Amino acid sequence: MSVTTEQVRKTLARRYRAEKRFKAYGICAISIGLLALLLLFTDIIGKGYRAFYEYSVALQITFDPESLEIDDPRDLEQLQYGNYEAVVREALQARFPGVEGREGRRALAALVSTAAGYRLREMLENSPELLGQTRTLWLQLNDDADMFLKSSEAKRKTARLSDQQQTWMLELEQSDEVRAGFNHSLFTRGDSREPEQAGILGAILGSFFTMLVTLALSFPIGVAAAVYLEEFAPKNRFTDFIEVNINNLAAVPSIIFGLLGLAVFIGLFGMPRSVPLVGGLVLTLMTLPTIIISSRAAIKAVPPSIRQAAMGLGASKMQVVLQFVLPLALPGMLTGGIIGMAQALGETAPLLMIGMVAFIVELPAGAMDAATVLPVQVFLWASSPEQSFVTMTSAAIMVLMTFLITMNTLAVVMRKRLERRW
Amino acid sequence: MDIAEKMNVFQDAVQVDPRVVAQEHMMTGENLYIPEKTVGAPFVDDPKMRMRDVNVFYGADQAIHGVSLDIGKNEVVALIGPSGCGKSTFLRCMNRMNDTIDICRVEGSLHLENQDIYDPKLDVVELRARVGMVFQKPNPFPKSIYDNVAYGPRIHGLANRKTDLDEIVENSLRKAGLWDEVKDRLNSSALALSGGQQQRLCIARALSTQPDVLLMDEPTGSIDPIATAKVEDLLQELSETGTIVIVTHNMQQAARISHRTAFMYLGEAMEFGDTNQIFTTPRHPRTESYITGRYG
């Protein structure tokens with residue numbers, strides 16, 4: 001055995017040990033990351049899944065013209081001022097006849113959501129012949145009653161219902177007069193002070209319009225800037241200065257972009273507050289550096305041999321860029337764009353500064369309507385005192401996460417699909 | 001005699017011939033640049049390309065030192081020499097591919113027939129259509145075989161009708177000896193071809209614009225021997241109708257295919273002459289040591 005072989009054998013075991021150790025560190029790091037993710041998801045899903053269903057109660061509703069104060073259901077003015085709560089109250093009192101006194105009656109009426117009244121009005125508007133008839137209807141419960149039913153035995157004692165209300169709820173539960181169903185209002189409504197009536201559609205639409213503005217502005221501007229800097233700009237101090245500043249911009253805290261938006265777009269240009277257009281403009285400024293940097297990296301990754309081949313054939317600079325560099329760099333640019341968009345979708349701080357944190361009930365119909373966005377909705381609900389908003393917050397986070405995961409998956413799939421090997 | 005005069009005399013005495021210094025530096029591996037006169041026959045009558053006193057700088061470094069030589073009509077000229085001697089750099093001056101390198105600067109006069117290649121008024125697009133180039137590594141576009149060959153004619157507007165374009169594509173592929181292998185799959189990706197086929201496709205692509213001069217930078221440097229043989233056959237055919245300048249590391253290849261050979265060393269053209277003469281009776285001692293394999 002030669003000296004070298006002997007030396008090699010001696011060190012071999014140590015080398016393998018080092019390799020194993022290194023691998024173990026890597027596995028450890030990944031496990032910690034996955035564990036944190038798992039923890040986050042179990043916590044959010046554990047809290048949030050309850051917001052996706054809601055309880056309603058079966059009540060014998062009599063559309064009594066006297067109680068409703070409506071004699072002609074075709075008269076819209078009468079419909080508008082109808083006393084629907086009275087009908088619901090009477091139905092509840094009919095179900096629990098023993099309730100005496102104003103306090104008790106009020107506590108009883110509080111079990112059903114005020115949304116029930118709106119529903120009755122809608123029914124009457126659609127079918128006026130209901131007036132004077134009696135129907136068994138499933139009416140939405142108030143958030144506290146809803147939470148009581150959703151809670152486990154142990155937690156029911158701390159529910160925000162009085163003892164009397166709790167006994168009523170238990171009675172209804174035992175006689176199967178309550179049932180759980182999908183929470184439609186979560187996906188069809190805007191924000192509300194009443195948790196059972198609040199939805200995230202307003203925030204989703206606000207996010208959508210904001211993202212639309214951001215995408216339409218930041219992607220073309222970012223790609224154009226990257227192409228110019230990478231392909232056409234002379235290499236001098238000025239372009240170096242620009243490059244340094246683009247990298248700096250990527251590291252600027254997002255709230256500063258919000259202040260800039262407030263000062264420039266709202267203050268100087270007089271744009272309205274709380275609108276997705278301004279939100280999109282601010283997020284464009286914020287995403288631009290990300291898109292420029294990733295687009296430049298994608299352009300740099302185009303093999304020089306392809307450029308040389310095209311130039312050797314007499315293609316002009318413009319032809320090389322448009323026909324070869326851009327198509328080959330596009331997957332990388334798109335990936336960067338989607339990641340930038342995902343970043344913008346999750347951004348809260350700059351939007352607070354431009355007033356997108358307002359309480360807005362109406363669904364926005366365009367980029368010029370006041371709106372809020374998903375992460376800001378999470379922020380708003382998280383700071384609301386009602387117990388139900390805790391689950392609503394988690395539900396909104398789940399919806400936001402779904403969008404983010406979809407976008408990031410799209411980025412990966414797109415890169416895999418469009419990537420060319422040479 | 002005053003002090004100043006004494007100093008002058010002293011300086012005269014210590015002055016040495018710079019050529020001697022250069023020689024000494026070359027012995028020790030350093031180089032100090034006083035261009036040597038090219039040995040052999042660097043010039044021809046009525047040349048296709050005429051290069052005089054070409055200097056190329058990369059930033060502060062000089063890569064080519066006063067090279068002067070002619071490329072004759074319809075001849076194959078091989079540029080040989082050790083790595084880093086400036087063969088490729090010199091080749092890339094001939095169609096201004098060096099323009100794409102920011103720090104690169106070219107001095108001297110280069111003419112294609114009577115056209116000054118570095119005339120600021122000259123459009124490089126036009127020049128590169130006349131002086132085609134094939135690179136060391138096959139670099140087909142990530143497009144179909146047809147589109148690879150049709151690209152040049154398309155951007156220069158050489159074919160107005162589809163049938164004309166088809167004809168150009170077929171002729172170019174035939175000249176490159178690739179037609180029979182790919183005629184049934186013209187629309188499949190060029191990247192699916194083998195390395196040797198890709199290189200012949202690149203040659204077909206370079207031929208598609210019918211260039212006056214074809215520059216080849218080690219065209220067989222990264223393909224296998226069988227494919228190399230095919231490319232060499234091809235070059236021999238092409239030399240009947242056109243001018244080819246080929247950079248090669250393979251001396252047998254240079255001997256087989258070229259009419260004249262230039263030996264370059266440290267950015268200078270040491271010797272330029274008839275290929276047979278260079279490989280049998282080299283005049284410059286460095287040429288001799290290089291082709292006999294003493295270095296390089």
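**Figure 1. Antiparallel pairing of β1(A) with β3(A).** Strands β1(A) and β3(A) of this predicted model run antiparallel to each other and are joined over 5 bridges. Within this pairing, A:Glu54 has A:Gly181 of β3(A) opposite to it. Pairing of this kind rests on backbone hydrogen bonds between strands, which may be parallel or antiparallel.

**Figure 2. Antiparallel pairing of β1(A) with β2(A).** Strand β1 of chain A covers residues 53-62 and pairs with β2(A) over 7 bridges, in the antiparallel sense. Two of the facing positions can be followed in this view. A:Leu59 has A:Leu137 of β2(A) as its bridge partner, and A:Ile61 lies opposite A:Arg135 in β2(A).

**Figure 3. The open sheet of chain A, with strand order β2-β1-β3.** The 3 strands of this sheet pair in the antiparallel sense. Which strands stand at the edges? They are β2 (134-140) and β3 (178-182) of chain A; each has a single partner strand, so one side of each lacks a neighbour in the sheet. From one strand to the next, the twist averages 40°.

**Figure 4. Overall form of chain A, a chain with 19 helices and 3 strands.** Why is chain A described as more spread out than a compact globule? Its radius of gyration is 30 Å, whereas the globule rule gives 22 Å for 422 residues; the value is well over that expectation, so chain A is more spread out than a compact globule. The C-alpha trace of chain A spans about 100 × 70 × 35 Å along its principal axes. Buried residues account for 36% of the 422 residues of chain A. Of the contacts in chain A with a separation of 6 or more, 76% link residues 24 or more positions apart.

**Figure 5. A:Leu37 in helix α1 of chain A.** Helix α1 (residues 3-48) of chain A contains A:Leu37. Is A:Leu37 buried or exposed? A:Leu37 has 10 other C-beta atoms within 10 Å and is therefore exposed, the cut-off for that class being 12 or fewer.

**Figure 6. Helix α12 of chain A, residues 237-250.** The 14 residues of α12(A) reach 20 Å from the first C-alpha to the last, which is close to the 20 Å expected at 1.5 Å a residue. How many of the 14 residues of α12(A) are buried? The count is 0, and the helix is hardly covered.

**Figure 7. The open sheet of chain B, with strand order β1-β11-β10-β4-β9-β8-β7.** Chain B has 12 helices and 11 strands, and 7 strands form this sheet, with mixed pairing. At its edges stand β1 (39-40) and β7 of chain B, each with a single partner strand, so one side of each is left without a neighbour in the sheet. Helix α8 (residues 195-207) of chain B packs on the sheet, where it touches β7 and β8 (213-217) of chain B; the directions of α8(B) and β7(B) make an angle of about 170°. Of the 296 residues in chain B, 42% are buried. Residues 24 or more positions apart supply 69% of the contacts in chain B with a separation of 6 or more.

**Figure 8. Strand β4(B) and its parallel partners β9(B) and β10(B).** Strand β4 (residues 76-80) of chain B pairs in the parallel sense with β9 (residues 243-247) of chain B over 4 bridges. The bridge partners in β9(B) include B:Ile244 for B:Val76 and B:Val245 for B:Val77. Strand β10 (residues 260-265) of chain B also pairs with β4(B) in the parallel sense, over 4 bridges. There, B:Val77 stands opposite B:Arg260. In a regular strand, side chains alternate between the two faces of the sheet. From β4(B), B:Val76, B:Ala78 and B:Ile80 point one way, while B:Val77 and B:Leu79 point the other way. The strand is mostly covered, with 5 of its 5 residues buried.

**Figure 9. Contact between chain B and chain A.** In this interface, 20 residues of chain B contact 16 residues of chain A. On the chain B side, α4 (124-130), β7 (131-134) and α5 (145-156) each supply at least two residues. The largest share, 4 residues, comes from α5(B). By class, the side of chain B that touches chain A comprises 10 nonpolar, 6 polar and 4 charged residues.

Key
Residues numbered from 1 in each chain as written. Chains lettered and ligands numbered in written order. Predicted model: local features only at pLDDT ≥ 70, side-chain atom pairs only at ≥ 80, totals over all residues. Contact = placed C-beta atoms within 7 Å. Nonpolar A, V, L, I, M, F, W, Y, C, P; charged D, E, K, R; others polar. Rg over C-alpha atoms; globule rule 2.2 N^0.38 Å. Buried ≥ 20, exposed ≤ 12 C-beta atoms within 10 Å, placed from the backbone. Pairing = 2+ DSSP bridges. Axes fitted to C-alpha atoms, helices over the stretch in contact; angles between N-to-C directions. Expected span 1.5 Å × (residues − 1).
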